[in-house]
Amino acid sequence: MKAHPLFLALALSTGLLLQASPASADTLLVERVRAESGDMPARGQSMAQVEKHFGAPQRKHAPVAGPGDRQHNPPITRWDYAGFSVYFEHSHVVDAVAAKASPNEIGPKPVQ
């Protein structure tokens, strides 16, 4: 009995897909951030709004400005909370970034 080429191709591709599936329990930072995105400050909020909603940060970093004139390199301030950091340009949020929750999470390392 001769095997049909389509059947062989289907069996081979199914076997490859099963082998290629991840077997680890790593959590992607991106997946967690998508799930928790409502729990972080929104772009455009003021420092006062962030502090009113989330409380005082664990740490406030001094503003840092790039070289040259301040018009093209505005001061950037970072506030660190337990699960995320907030970046401000002047006094308004430009981004909020989640911190790694565990050593198994794949993503950027926290800034020391």
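Two strands are said to pair if DSSP finds at least two bridges between them, and strands (E, at least two residues) and helices (H or I, at least four) are DSSP runs numbered from the N terminus. The model described here is predicted, so that local features need pLDDT of at least 70 and side-chain atom pairs count only at pLDDT 80 or more, while totals for chains, interfaces and linings use all residues. Residues are numbered from 1 along each chain as its sequence is written, and side-chain values use heavy atoms, with hydrogens and water left out.

The sheet is an open one of four strands, in the order S1-S2-S3-S4 and with antiparallel pairing. S1 and strand S4 (92-98) stand at its edges with a single partner strand each, so one side of each is left without a neighbour in the sheet.

Strand S1 (residues 59-60) is joined to S2 by two bridges, and Lys60 has Trp79 in S2 as its bridge partner. On to strand S3 (residues 84-89), S2 is linked by five bridges, with Ile76 finding its bridge partner in Glu89 of S3; between S2 and S3, which form a hairpin, there are three residues.

Of the five residues of strand S2 (residues 76-80), four are buried, a word that means under 20% relative accessible area, as against over 50% for exposed and in between for partly exposed (1.4 Å probe, protein chains only). H3 lies across S1, S2, S3 and S4 and runs at about 0° to S2, where axes are lines fitted to C-alpha atoms, for helices over the stretch in contact (heavy atoms within 4.5 Å), and angles run from 0 to 180 degrees between N-to-C directions.
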